[in-house]
Amino acid sequence: MSPGRTGYLFALPVALFLLAGFATPIGIVAWYSLMEPRTFALTAETTLTNYRAAFTEGYGPPFFWSITGAVATTLACALLAWPTAKMLHQLAGRGAAVLTGLIAVPIFVSESVRLFGMSLFLMPGGGILAGSLRALFDVNIGTVLNTKLGVFLGMVYVHFPFMLFPLLLGVALIPQDRRDAARDLGASRWQILREVELPLAMPGLIIGALLTFVLCVGANAEAAILGGQAISVVTRAIEQRFSYAQDWPMGAALTMLVVAVTALVVFPALARIDLNKLIRR
Amino acid sequence: MPRLLRSLWLTLILALLYMPILSVVLASLANTRYMRFPHRTWSVGAYTDTFSQQETLTLHLVSLKVALCVTLFSVILGALGAMAFARYDWRGRSIYQKAVVLPIFFPQPVLGLALLMFYSALGIPPSWKTAIFAHMVWILPIVTLVISIRLFGYDPAQEDAARDLGASRWQVLREVTLPHLAPGLISGGLFAFLLSWSNLPLSIFTTGADTTLPEWLFSRVATNYAPVVSAIAVIGTFASVILGVLVLLGLRLSRARAG
């Protein structure tokens with residue numbers, strides 16, 4: 001059997017699975033979004049009513065907050081993860097492996113546990129932070145819990161590792177001699193960062209930013225656990241269409257708009273990356 | 001970069017990452033109705049309460065069932081998928097590679113909702129079984145990637161050599177390909193298990209009447225505080241962390257022995 005044929009055969013199971021589990025559901029949602037509002041049948045005439053409603057009936061704020069939050073979180077995570085990735089890379093050896101492992105562990109702790117912990121930490125009065133400060137230094141502090149800032153901090157906290165690990169791969173793509181050469185030629189730190197390091201680490205940075213942005217656009221647990229009523233995110237708005245309002249076509253239309261936002265960001269970015277190069281190392 | 005600054009920064013990052021997890025542990029060590037830290041009396045009462053509840057066991061069992069099935073199916077399919085991803089060069093491979101990673105770059109709650117509509121359109125009532133399928137849509141691509149990373153370092157000429165020496169197809173698979181792939185399969189399986197065990201956004205929409213551990217925690221956390229919630233969170237988390245560390249250590253050991 002030729003290698004070409006074998007590769008095709010090996011690809012088949014995963015391809016079929018994703019066709020059934022990923023492409024088909026999105027197709028069904030797309031179809032649902034064209035049905036009359038508050039109907040459950042899939043065979044009626046198609047209509048664009050739901051999309052019109054999506055733009056005119058107050059769904060703006062949830063979209064605005066989800067996208068703004070995602071952009072802000074991505075930027076904050078990138079700023080925090082860049083020095084961290086560089087330091088971990090410089091460290092090398094056993095210490096770095098242990099540290100990297102320690103940073104990875106929280107990814108595998110459920111979001112609900114980590115956010116619950118954060119709310120316990122930030123709780124006013126008897127919370128871990130406020131309580132300790134009062135007991136130790138007799139200082140009373142307020143809280144960011146149930147504010148937009150609290151939600152933002154939670155988003156940064158949950159998504160930081162998703163930025164860090166692709167960035168670690170990216171930083172590993174920068175050869176040290178390239179950096180030294182730039183320095184010998186008189187480049188400033190800022191110039192080295194902009195002209196040498198960032199372009200070389202770009203694939204990692206793009207993947208990290210993409211992951212963070214996409215996960216944040218759909219994020220709703222942060223707002224639910226840390227935000228109280230402070231903020232309404234788009235996933236929550238969609239969920240309400242499905243549950244309380246029993247308006248599946250409207251929920252489907254909103255879902256498709258999120259899919260569109262995601263696709264607009266993901267496709268151009270993915271097209272620029274050679275996955276083989278990034279993983280092969 | 002100055003050494004001291006580096007240690008300070010990395011310590012700070014680690015401290016911040018673990019502070020919420022530590023907070024849950026601290027909160028679980030009292031058995032009061034309201035959270036008042038520092039606790040006047042520390043106790044493990046919440047844990048004894050937790051162990052005496054049937055619910056604790058049920059929650060862990062549902063999560064375990066789902067995670068084990070996800071692991072098994074994802075590793076089998078992922079190993080095949082990784083061969084196409086990294087081992088063979090074939091027409092359409094670059095499209096396949098991008099299509100495989102696509103579900104990773106997709107908002108999970110939105111995926112969960114889409115799957116819920118999909119099940120309803122097909123007339124399948126959601127339960128822990130449909131959650132397995134849902135988890136796999138997100139986890140299988142990750143497992144495929146993890147195994148692919150291992151496969152990129154693989155020299156297919158070894159297989160030819162074995163065949164020239166008279167090995168059968170099955171022998172080549174068992175003696176050459178699988179041993180090389182094994183560490184990738186184990187890390188892939190570990191990823192699958194841990195990501196499924198801790199998954200919240202997909203489970204919420206796709207488990208129907210069954211409840212996984214993260215789902216239960218989410219519903220309790222959003223509504224009311226109780227030390228039992230912290231205790232269950234600690235138990236569920238440490239169970240998975242310990243498993244992860246054990247597997248990783250085992251992997252280290254076996255690699256050290258082989259190398």
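Two residues are in contact if their C-beta atoms, placed from the backbone, lie within 7 Å. All views show a predicted model, in which local features need pLDDT of at least 70, side-chain atom pairs count only at pLDDT 80 or more, and totals for chains, interfaces and linings use all residues. Residues are numbered from 1 along each chain as its sequence is written, and chains are lettered from A and ligands numbered from 1 in the order in which they are written.

**View 1. The two domains of chain B.** Domain 1 covers 1–43 and domain 2 covers 53–258; such bounds come from an automatic or database domain assignment. Their centres, taken over C-alpha atoms, are 30 Å apart. Eight residues of domain 1 of chain B contact six residues of domain 2 of chain B. On the domain 1 side, five are nonpolar, three polar and none charged. Here Ala, Val, Leu, Ile, Met, Phe, Trp, Tyr, Cys and Pro count as nonpolar, Asp, Glu, Lys and Arg as charged, and the others, Gly among them, as polar.

**View 2. Chain B against chain A.** In this interface, 71 residues of chain B contact 72 residues of chain A. Helix H1 (3–28) of chain B supplies at least two residues of its side. Helices are DSSP runs (H or I, at least four residues), numbered from the N terminus. The chain B side divides into 55 nonpolar, 10 polar and six charged residues.

**View 3. The bend in H12(A).** H12(A) bends by about 25 degrees at Ala263(A). The bend is the angle between axes fitted to the seven residues ending there and the seven starting there.
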